[in-house]
Every structure is written in structure tokens, then in C-alpha cells.
Amino acid sequence: MKIHEYQAKELLKKYDVPVLFGKAIFNSDEAGKVAYHDFAVKGIETIVLKSQIHAGGRGKGTVLNRFSDEPMQAFGKDVRGVTVIREGNIADKAFQIANATFGNKLVTIQTGEEGKIVNRMYIEEGCSIAKEYYCSILLDRENSRNLIMVSTEGGMEIETVAEEAPEKILKEHVDPKIGFQQYQARRLAFGLGLTGAAFKNFCSFIAILYKAYDEMDCSMLEINPLVLTTENQFVALDAKVDFDDNALYRHSDYTALRDLSEEEDLEVEASKYNLNYIKLDGNVGCMVNGAGLAMATMDIIQLAGGKPANFLDVGGGANVERIANAFRIMMSDPNVQAVLINIFGGIVRCDRVANGILQALEKVTVSMPVIVRLEGTNAIEARQILENSGMKFLVAGTLKDAADKVTEALESVK
């Protein structure tokens with residue numbers, strides 16, 4: 001589960017992670033009022049307006065009119081996802097920039113051309129920056145350990161740094177049996193070339209940041225940029241937090257932080273039924289039980305000349321209702337031209353899947369080919385159920401047969 005920057009910083013403050021003063025806003029009028037009462041009146045002369053979306057690259061992103069795709073402007077310049085206001089009437093400027101941003105879409109390197117609609121912004125005080133760094137903590141699944149990564153290349157996409165200058169990324173794995181150690185903090189600080197007060201303050205910063213990551217059950221915590229101020233203090237200038245969904249039961253208060261407007265509608269709908277669904281941009285819907293089989297099925301679709309429209313794992317203990325909902329959600333994607341259902345009946349019986357398919361088709365109008373491959377427990381009974389249903393299914397016996405039928409199905413709808 002992803003959350004916004006301002007939400008992440010509120011949580012980090014509870015662990016004494018240094019962040020700047022800021023306030024979330026939800027409309028342009030509020031932007032002007034907050035900029036005046038909470039910043040200008042208090043003598044803060046530099047503020048930063050940040051669009052809040054679940055994507056990186058906001059600083060270089062451009063705000064476009066959601067209807068015409070024309071760049072939005074304020075004071076004769078294109079509006080960016082992050083704007084620094086240093087002088088003049090900061091309240092009026094905040095209002096103008098927010099007015100050009102709210103309700104329009106921000107296009108960044110991570111959102112693609114479709115962009116994301118901006119419904120929230122964050123006003124934060126400025127600071128005097130001496131140097132920018134990169135810092136993140138995430139789970140390294142290959143080593144079954146948490147991984148801390150830091151770099152002197154702050155503000156850049158870590159993928160770009162990894163490609164162009166991988167030697168500038170310092171990595172430190174944390175043994176779960178003993179936790180994060182001070183010698184590891186010092187090793188990272190030495191690697192970044194820090195000395196004196198900056199060295200000491202970094203060691204303190206990374207220790208409390210790791211504690212926050214661990215106790216919040218994050219799957220990823222990224223600070224980019226992590227800034228060293230002219231006073232040799234480290235501050236989290238940005239914060240991106242992803243929670244481990246499997247640990248959310250330990251943090252009931254995190255549920256309220258979820259922003260459904262930032263998620264795919266079909267993925268939100270699927271989450272209501274505990275379905276593992278991820279929307280893709282292909283033309284062949286697929287419903288499978290088991291993540292491994294789902295990945296293999298997606299490969300089959302690609303080899304057959306199509307592109308998978310989704311990842312959908314109905315799980316090993318799916319009942320008729322769950323399968324029916326999975327089918328309905330999958331069919332709700334307007335890009336789907338054909339459907340491949342590939343089920344191996346182990347825990348979930350094939351006849352139960354067949355009944356779920358028929359039940360779903362009573363509620364969903366299907367005007368495209370549906371290929372079904374059922375193998376395993378009660379597979380013969382399942383095929384009989386489908387054959388006796390009176391509905392037109394393309395029943396496949398093997399994976400190759402399923403791939404061939406996907407190819408035929410795509411040809412028939414051209």
C-alpha cells in the first residue's frame with residue numbers, strides 16, 4: 001500500500017526523523033490561506049508547493065490541462081509538479097500555482113503520458129541546502145534481508161544512477177538476527193565522504209530511519225533527496241513509503257491513509273474480494289490460480305501474439321463467489337478482446353471453477369472468445385459442466401492448445 005509524501009512525513013515525525021514544517025492542502029483557496037497564515041505571518045519567506053501523487057519525478061513533471069493536454073501556466077511559466085516560491089507575495093503565488101494544478105494532470109517520467117490527476121498538494125518551508133543525497137531501505141528478496149542504499153547522487157532516479165554510475169550506489173544488508181548496527185552506519189557515512197558533524201548526524205539519522213522502516217512494516221522507504229543543510233543537519237526533503245500489505249493487520253490506523261483515487265478502479269474493486277489483480281495494458285484477460293502459473297500463462301499469451309491485460313490469481317481456496325467476482329472484474333476492462341482461463345485444480349476443484357464461470361456469465365455480457373483450460377481435481381466433471389452449459393467456450397487440453405486457441409481468438413476479432 002502506497003501513501004502520499006505528507007502522510008509519510010507525519011509518520012516519520014513520530015520516530016523523530018527530521019522533516020521540514022509543512023501542511024497538506026486540498027484546494028487553491030486553502031493554498032493561499034495556509035501560505036499566508038502558517039508561513040508568511042511566521043516570517044517564512046521561502047516555501048515549496050508539491051503535488052501529491054503516487055509517482056516519482058514530480059520536480060521535472062509538467063501539469064497539463066486534463067481536457068486539452070495543454071501545459072498549465074502561472075506567471076508566464078509552465079507549472080511543474082514541485083515549485084519553489086522565494087520572494088514576493090508568497091500567498092498569492094501559492095494560490096495561482098495551486099489554482100493551475102488542482103484538478104489537472106501531472107505528467108512525469110513515472111506516470112507516462114496519461115499522467116495522474118492532482119487532488120492534493122503539500123506546502124513546505126524551504127531550507128538552505130549544502131548537498132543532496134539519495135537514501136532508501138527495502139527488502140532484498142534474493143538475500144532475505146533488508147537493504148539500505150545510499151548515494152551521493154541525490155535528486156536523481158536511482159535507476160538512472162544504477163545504469164550510468166553504479167559505483168556511486170553504496171549498499172548495506174541488515175542481518176535480521178542482530179538488526180542494524182552502528183558500524184554499518186559509519187561505513188555508509190565514510191562511503192558518502194562525510195566528516196565531522198555531518199558524519200555524526202548521518203549516523204544518527206540512518207539509525208532512526210531504519211527503526212521507522214522496521215516498526216512501520218514498510219516494504220520500501222525512500223528519501224530522495226536526503227539533504228545536508230548548511231548547518232550540517234540531515235533532513236528528509238522527500239519521503240516515499242510503501243507498506244507491506246501482509247502486515248497491515250498490525251496497523252489498523254494505516255487503512256485511513258489509503259487514497260483510492262490514486263489506484264486503478266479495477267484493482268480497488270478486486271481488493272474488496274482479496275483477489276490478487278494487477279491491471280496491465282494488453283488485450284487478453286487471464287484468470288489463473290497460483291502466481292507461478294499466472295506468470296507462465298502471461299508468457300503463453302505473449303508467445304501466442306497477444307498481450308496480457310492483467311495478472312489475476314484467484315488463489316488456492318477460491319469459492320464460486322470469488323471466482324465469479326474475478327471473472328466480472330476481468331471482463332470490465334474495455335481493452336480485453338479475448339479471455340484465457342487456466343486453472344490447475346489442486347485445493348480449488350475444477351468443477352467449482354466451472355460453476356463460478358457460469359455464474360459470472362449470468363451477470364456479465366460476453367461478446368468475445370473465452371478459452372478455458374482446466375486440469376487437475378475434477379477436471380473431467382468441469383469440462384462436462386462447460387459443455388452442457390449451452391455457452392460457447394473454446395476448451396483447451398494443454399498449454400500449447402491454449403496458446404493456439406488464443407491465437408485463433410485474436411485473429412477472429414481483427
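This is a predicted model: local features need pLDDT of at least 70, side-chain atom pairs count only at pLDDT 80 or more; totals for chains, interfaces and linings use all residues.
Residues are numbered from 1 along each chain as its sequence is written, and side-chain values use heavy atoms, without hydrogens and water.

**Exercise 1.** Find which residues touch the most other members of the largest nonpolar core.

*Solution.* 
- Start with the term: a nonpolar core is a set of buried Ala, Val, Leu, Ile, Met, Phe, Trp, Tyr and Cys residues joined through side-chain atoms within 4.5 Å. Buried means under 20% relative accessible area (1.4 Å probe, protein chains only).
- The largest core has 43 residues, and Phe202, Leu209, Met216 and Phe243 touch the most other members.
- Helix 6 (196-215) is one of the elements that each supply at least two residues. The largest share, 10 residues, comes from helix 6.

**Exercise 2.** Check the length of helix 9.

*Solution.* 
- Helices are DSSP runs (H or I, at least four residues), numbered from the N terminus.
- The expected span is 1.5 Å times one less than the number of residues.

**Exercise 3.** List the buried residues of helix 9, then say what covers them.

*Solution.* 
- The buried ones are Ile323, Ala324, Asn325, Ala326, Phe327, Ile329, Met330 and Met331.
- Their cover includes helix 7 (265-271) and helix 10 (350-361).
- Ile323 also belongs to a second, separate core of 36 residues.

Terms used:
Buried means under 20% relative accessible area, exposed over 50%, partly exposed in between (1.4 Å probe, protein chains only). Contact means heavy atoms within 4.5 Å.
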